Amino acid sequence: MQATPLSMSDLNNPGVSWGAVLAGAAAAAALSFILLILGVGLGLSSVSPWSFNATAIGVSTIAWLAFMQLAASGIGGYMAGRLRVKWSAIHTDEVHFRDTAHGLLAWAVATLITVAVLAGGTRAVLSGAIDAGSGVAAAVGPAAAAGAKAGEGSANPLDYFSDMLLRAAPAAGTGEAGSTVADQRMEIGKIFATSLSTGSLAADDRAYLGQIVASRTGMTQAEAEARVDAVYARAAKAAADAKAAAQQAADTARKAGAHTALWMFVALLLGAFVASLAATFGGRQRDHERVLRHVTI
């Protein structure tokens with residue numbers, strides 16, 4: 001029995017059927033986007049405009065990412081393999097390789113399309129939550145401004161420690177003439193800010209702050225300097241705690257980002273494998289339905 005020779009149509013057909021690849025990619029990208037919207041909808045309770053926690057993705061999110069890739073890549077790969085132009089006289093191994101390549105190409109194009117439209121789509125899905133957060137900020141802003149005006153001072157975090165220094169007993173004096181509490185508070189805040197940035201309170205600054213405290217509270221110079229030391233120690237501890245908390249938050253966010261990227265890589269790799277496998281399955285079904293040609297005996 002002699003096999004049928006290659007026809008002109010087989011010779012003219014390219015190795016890649018881009019029509020089938022684009023069709024499978026479009027189907028995979030659309031299904032992936034739909035499943036993404038569904039996933040955001042199902043987990044919308046974890047997206048809050050009031051707070052944000054940089055934590056690693058959970059098991060349910062990982063499972064959903066894997067399901068998205070399985071479903072979307074499987075459909076896209078199957079369509080790319082089933083719709084591909086077939087060759088009647090190509091070796092079976094070559095047909096299998098081309099079907100696998102078409103599934104992989106469909107997955108690659110779908111992934112690029114999904115990444116391209118993901119930013120705009122996510123913004124559209126979460127626009128309600130983002131607008132709600134903007135509304136809250138707009139409502140809180142005037143209230144915060146009113147509170148700052150009522151306090152007759154700026155929103156400097158060091159004002160708390162300045163006030164602590166200037167606390168006076170009921171029978172204490174009012175301080176030197178021509179010097180207001182606001183002016184002294186601003187000066188103390190600058191001294192504290194500089195000292196905290198350098199890591200120590202200079203001796204002349206300590207003595208000067210002691211003089212201000214003594215003039216406001218009626219304490220002796222030694223008692224005033226002791227209060228300066230105590231309040232500065234508390235301010236330094238608060239600054240160190242804030243720095244440590246910021247470093248911890250940054251480290252947590254870094255680990256969460258690495259964890260998320262790792263599982264997304266696994267999900268995408270799974271999608272590439274499933275797309276290639278589904279394309280070969282679609283190709284076998286395509287060839288099973290082909291019209292049998294006559295052979296020369």
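The structure is a predicted model, in which local features need pLDDT of at least 70, side-chain atom pairs count only at pLDDT 80 or more, and totals for chains, interfaces and linings use all residues. Residues are numbered from 1 along each chain as its sequence is written, and side-chain values use heavy atoms, with hydrogens and water left out.

The chain holds nine helices and zero strands. Helices (H or I, at least four residues) and strands (E, at least two) are DSSP runs, numbered from the N terminus. The order of elements from the N terminus is α-α-α-α-α-α-α-α-α. Of the 297 residues, 26% count as buried. Buried stands for under 20% relative accessible area, exposed for over 50%, and partly exposed for values in between (1.4 Å probe, protein chains only). The chain exposes about 18100 Å². Carbon and sulfur atoms supply 67% of that area. Areas were computed by the Shrake-Rupley method with a 1.4 Å probe. Among contacts (heavy atoms within 4.5 Å) with a separation of 6 or more, 80% join residues 24 or more positions apart.

Two packed helices are described by the angle between their axes and the distance between the axes. Axes are lines fitted to C-alpha atoms, for helices over the stretch in contact, and angles run from 0 to 180 degrees between N-to-C directions. Angles under 35 degrees count as roughly parallel, over 145 as roughly antiparallel, 65 to 115 as roughly perpendicular and the rest as oblique. A crossing is right-handed if the near helix is turned clockwise from the far one by less than a right angle, and left-handed if anticlockwise.

The axes of H2 (residues 18–42) and H3 (residues 59–83) come within 8 Å and cross at roughly 160 degrees. H2 is therefore roughly antiparallel to H3. The crossing is right-handed. The contact of H2 with H3 comprises 19 nonpolar, four polar and no charged residues. Here Ala, Val, Leu, Ile, Met, Phe, Trp, Tyr, Cys and Pro count as nonpolar, Asp, Glu, Lys and Arg as charged, and the others, Gly among them, as polar.

Two residues of H2 were considered. Ser32 lies in H2 and is buried, at 7% relative accessibility. Beyond residues up to four places away in sequence, Ser32 touches Met68, Ala72 and Thr114. Ala30, also in H2, is partly exposed, with a relative accessible area of 40%. The C-alpha atoms of Ala30 and Ala72 are separated by 8.1 Å, at 42 residues apart along the chain.

H3 also packs on H9 (residues 221–288), with axes 6 Å apart and an angle of about 30 degrees. H3 is thus roughly parallel to H9. H3 passes H9 in a right-handed crossing. The contact of H3 with H9 contains 15 nonpolar, 10 polar and two charged residues. Phe67 of H3 is partly exposed, at 41% relative accessibility. From Phe67 to Gly271, the C-alpha distance is 9.2 Å across 204 residues of sequence.

H8 (residues 203–217) meets H9 with axes within 8 Å and a crossing of roughly 115 degrees. The two helices are therefore roughly perpendicular. Their crossing is right-handed. Residues of H8 in the contact include Arg206, Leu209 and Val213, and those of H9 include Gln221, Arg227 and Asp229. By class, the contact of H8 with H9 has six nonpolar, four polar and four charged residues.
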